[in-house]
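Reader: I am new to this structure and would like to go through it by question and answer. Please show it before we start.

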Amino acid sequence: MSIRTWTSLAALALALPLVLIAPRSAEACGGTFCDSGPTAMPVDQTGENILFYLGPDFVEAHIQIQYDPETPAEKFAWLIPSPIESGIPEFEVGTQLLFDALLAGSVPSYGVQQTADVCGDDGQGGDGLSSGGTGGDSGAPNDGEGDPGSPDVVLQKTVGAYEIAVLDGGTVEGVMQWLGDNGYQQDPASQPILAKYLEDGHLFTAIKLANNVGVKEIHPIVLRFQGQEPCVPLKLTAIAAQDDMEVRVFFLDSTRVVPANYRHVLVNPLKLDWFNNAANYKEVISMAVDAQMANGNAFVTEYAGPSNVVFTGGIYNPAWDAAPIAALATSPVGAIEILEGQGLLVCDAEWDTDCTYNHPMIRSIVGQYIPVPDGMNPVDFYSDLETNVDLIDLAAWDANGFVTLMTERIIAPAQNAVSLVENNPYLTRMYTTISPAEMNEDPIFRRNSTLGDVLNIQFSNQTLHCNGGTTMSLPDGRQVYFPPGADLVWPDFGDEMPWEEDVDQANMADDAPLISLVDNTERIDDLLAQYNQDRKDEIDLGDDVDIAGCGTCTVADNSIAGGVLFGFAMLGMVGLVRRRRS
């Protein structure tokens, strides 16, 4: 049996984020995901995000760490179980800019193009509906030595802002005691989880913020394990999860990745509100993955295609260079100008009321080594260190320390992230919502090069007819008719219209064919045809139709209606390519 790697963002308690790596069985890999909250917008991209890179014999997980800003930094702690056969994990500093670029480059978007029929002098232009109105074929000391219940500490190190210890063995009580003795937060609710992993012979990685480190210094972290199959632990997430919790997973690889034991869902596009840029997106996804045969354990594919949609220029700037800072051995005077020249910050007292920091880590590094004097405005201080030389805390200045942090937390993670994107030509982005009662199986993922791409930008076409009616043509070819005088409000089509078009189960092997569980295409087409016929029956579309004032109408061809492409604000149609089974 191959080794599986499990990683999750977690929060078993408000003050105790907990990341878990699951045991070998895909039935329980533990952990919890923090939800973005009950008032999350359909396009919320700020929730928990994780990126997997599938190496030849290892899985690399880039984890975007979330925290409650009201929680004191000293209460930030994680515990990560991992199968002992996967070895001691490797750790690196990650970069938030990678997640920013992933989210921005692959966010699904809806747009509407508006056209108008050419109307003759007799006012005739038809209703614009084609026949049927449906779509076509589109190393460390042992702190517990002498106590049989205490774990062995097999690794201790500092990685970026975090102190990390890897623990081996012990009892639940011994692990909890070690955590308490060493300044890690604990939660009694986690004890049954720890007991299961100890029973299966797992290592534990304990992570906390280092001394004197604040939450503003929190950054993504990279974990690397031996194994081939990434897994998102959900089964034990029910401890702290909310209903319809959002889960978003990215994969960088040479080909597309799919869930191996969860279902694939293709959303029925008629359920999305095209007039309002899919403002009901999360509701539609939630209903589709809860539909028959999906059973709440399913993903939609939001994007699958070339990874060059990720703008690497926003991740790394070749101008970044820590070496000039090293020359400022005795004083930081000149450091701000160097950083400004590299585009990392701007502090101009003539124009700004505060400094602008162009990297999420640079503020904390500057603040650590060049602290602002009490009561002084940062922009006034940093914009002219030479004039404020007498106010500089020279005891805090350490040029070599500054260079080390700048390299470790800014430059190296960015270079690694760019290499990761450029060396892996394919990006898969998947999304689901899931509630605690549905967290009965942990999704694992495998490659499938037999499936097509999934576009993240979708346009419908709104045609204005000479008789006053309107037809909305969806990207898959389906058409929805609105008779003259009808309010342009997207219909719900009644309870019979399914939320899901297709539900497929993936086989457990790489490139294995999908197994069709549900195909509602014909049913959707029939219901749409009946809906359109009912709308046409409501009015007289005969030759005697005379729309006053039509005269000779002009065509507004391909004009974007009101700038309705909100790529940054609205998620788009998701799922597998229509009629992808051949």
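Reader: How many disulfides does the structure hold?

Author: This is a predicted model, in which local features need pLDDT of at least 70 and side-chain atom pairs count only at pLDDT 80 or more, while totals for chains, interfaces and linings use all residues. Residues are numbered from 1 along each chain as its sequence is written, and side-chain values use heavy atoms, with hydrogens and water left out. A disulfide is a pair of cysteine sulfur atoms within 2.5 Å. The number of disulfides held by the structure is 2.

Reader: Which cysteine is joined to C119, and what is the hand of the link?

Author: The partner of C119 is C466, with an S to S distance of 1.4 Å. The angle about the S-S bond is -100 degrees, and the link of C119 and C466 is left-handed.

Reader: What is the hand of the link between C347 and C355?

Author: C347 and C355 form a disulfide with sulfur atoms 1.9 Å apart, and both cysteines are buried. The angle about their S-S bond is 125 degrees, and the link of C347 and C355 is right-handed.

Reader: What pattern do the disulfides of the chain follow?

Author: The bonded cysteines are counted along the chain. Read in this way, the pattern is 1-4, 2-3.

Reader: How many helices and strands does the chain have?

Author: Helices (H or I, at least four residues) and strands (E, at least two) are DSSP runs, numbered from the N terminus. For this chain they come to 10 helices and 25 strands.

Reader: Which residues form the covered face of strand β5?

Author: In a regular strand the side chains alternate between the two faces of the sheet. Strand β5 covers residues 90–93, and its uncovered face has E90 and E92. The covered face of β5 has F91 and V93.

Reader: Which residue stands opposite E90?

Author: Two strands pair if DSSP finds at least two bridges between them. β5 pairs with strand β10 (residues 221–226) in the antiparallel sense, over 4 bridges. In β10, the residue opposite E90 is R224.

Reader: How many aromatic pairs does the structure hold, and what is the geometry of F299 and F445?

Author: Rings of Phe, Tyr and Trp (its six-membered ring) pair if their centres lie within 6.5 Å; planes under 30 degrees apart count as stacked, over 60 as edge-to-face and the rest as tilted. The structure holds 17 aromatic pairs. F299 and F445 are 5.6 Å apart centre to centre, with 70 degrees between the planes, and this pair is edge-to-face.

Reader: How many residues apart are F299 and F445?

Author: The pair links distant parts of the chain, with F299 in strand β15 and F445 in strand β19 (residues 445–447). Both F299 and F445 are buried.

Reader: Which residues form one aromatic cluster with F299 and F445?

Author: The cluster takes in F299 and F445.

How values were computed. Buried means under 20% relative accessible area, exposed over 50%, partly exposed in between (1.4 Å probe, protein chains only).
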